[in-house]
Amino acid sequence: LGTSPSSVINTYYLPSVGSGSVGAGTVLSRFLGPTNIAYSLPMYAFRAMMAARARQLISAVFATASSSLLLSALASRLFRLPTPLNVALMPRGIAIPFASEACAQLGIPVSLGLLPVFITGLSALSYAPSILTAMRVRDPVARGLAAGCASHGGGILSVTPETEALPFAVVGMALTGAATVALLCVPSVRHLLLVIAGATAV
């Protein structure tokens, strides 16, 4: 009681400082490294299949990275959210390490930018397979790419039981995160997105 929402968010992702205080979000994010290494095993087993579908993989990555940034900026502006939230929604579809760098590029606090990331992942974990099935997406490669590219770790976990979809979800997540950060590193692209989100003047 008596604690502001922003203070709670900042505390959740508090890095280790001199006092030794570490936020719960920071502790959880430290498990990402071993998790990614574990996911490399199914990727190796399906390397031939992934090479055969490389064109589809690359197309999905760049389409998702660009459309996610643009549509997030447009949607937040349409719903007239406060400007910091407009910007914070842009990296919602990429994994935490990439989202942290995206927050730095966009000039927003990491704690604020990671909140939509967590919400996206949890939503995908619960609903991604059902949505893909309802949309009649049956190709395992397409299901994996849709889940991993659009909703990072939550999407990966949601398709874990689908053996052929899983490696594509993992690679899709990693490449989409890298492509998103690469786009934000281009000054003209970053400026355009901030203008759309209403965070800066034309």
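The questions below ask how the terms applied to this predicted model follow from its values.

The model is predicted, so local features need pLDDT of at least 70 and side-chain atom pairs count only at pLDDT 80 or more, while totals for chains, interfaces and linings use all residues. Residues are numbered from 1 along each chain as its sequence is written, and side-chain values use heavy atoms, with hydrogens and water left out.

Q: Why is R143 called buried?
A: Buried means under 20% relative accessible area, exposed means over 50%, and partly exposed lies in between (1.4 Å probe, protein chains only). R143 has 8% relative accessibility, so R143 counts as buried. Of the 202 residues in the chain, 40% are buried.

Q: How do you know that R143 forms a salt bridge with E162?
A: The rule asks for a side-chain nitrogen of Lys or Arg within 4 Å of a carboxyl oxygen of Asp or Glu. In the pair R143 and E162 the closest N and O atoms are 2.8 Å apart, and the pair forms a salt bridge. E162, at a relative accessible area of 23%, is partly exposed.

Q: What makes D139 and R53 a salt bridge, and which parts of the chain does the pair link?
A: The closest N and O atoms of D139 and R53 are 2.7 Å apart, and the two residues form a salt bridge. The pair links distant parts of the chain, with D139 in the loop between α8 and α9 and R53 in the loop between α4 (47-52) and α5 (54-78), 86 residues apart. D139 is partly exposed at 29% relative accessibility, and R53 is partly exposed at 25%. By the rule, the count comes to two salt bridges.

Q: What makes a space a cavity, and how many of 30 Å³ or more does the structure hold?
A: On a 1 Å grid over the protein atoms alone, a cavity is a set of points where a 1.4 Å probe fits but cannot get out; a pocket is an open set with protein on both sides within 12 Å along at least five of seven lines; lining residues have an atom within 4 Å of a point. Grid points are joined across faces, edges and corners, and a volume is the space filled by probe spheres set on the points. The structure holds one cavity of 30 Å³ or more. The largest cavity has a volume of about 50 Å³. Its lining has 13 residues, of which S68, M90, G93, I94 and T180 are the closest to its centre.

Q: What classes of residue line the second largest pocket?
A: Ala, Val, Leu, Ile, Met, Phe, Trp, Tyr, Cys and Pro count as nonpolar, Asp, Glu, Lys and Arg as charged, and the others, Gly among them, as polar. The lining divides into nine nonpolar, three polar and no charged residues. α8 gives the most, with six residues. The pocket holds about 220 Å³ of space.

Q: Is H152 buried or exposed?
A: H152 has a relative accessible area of 7% and is therefore buried. H152 is found in helix α9 and has a positive phi of about 40° although it is not a glycine.

Note on methods
Helix = DSSP H or I, 4+ residues; strand = E, 2+ residues; numbered from the N terminus.
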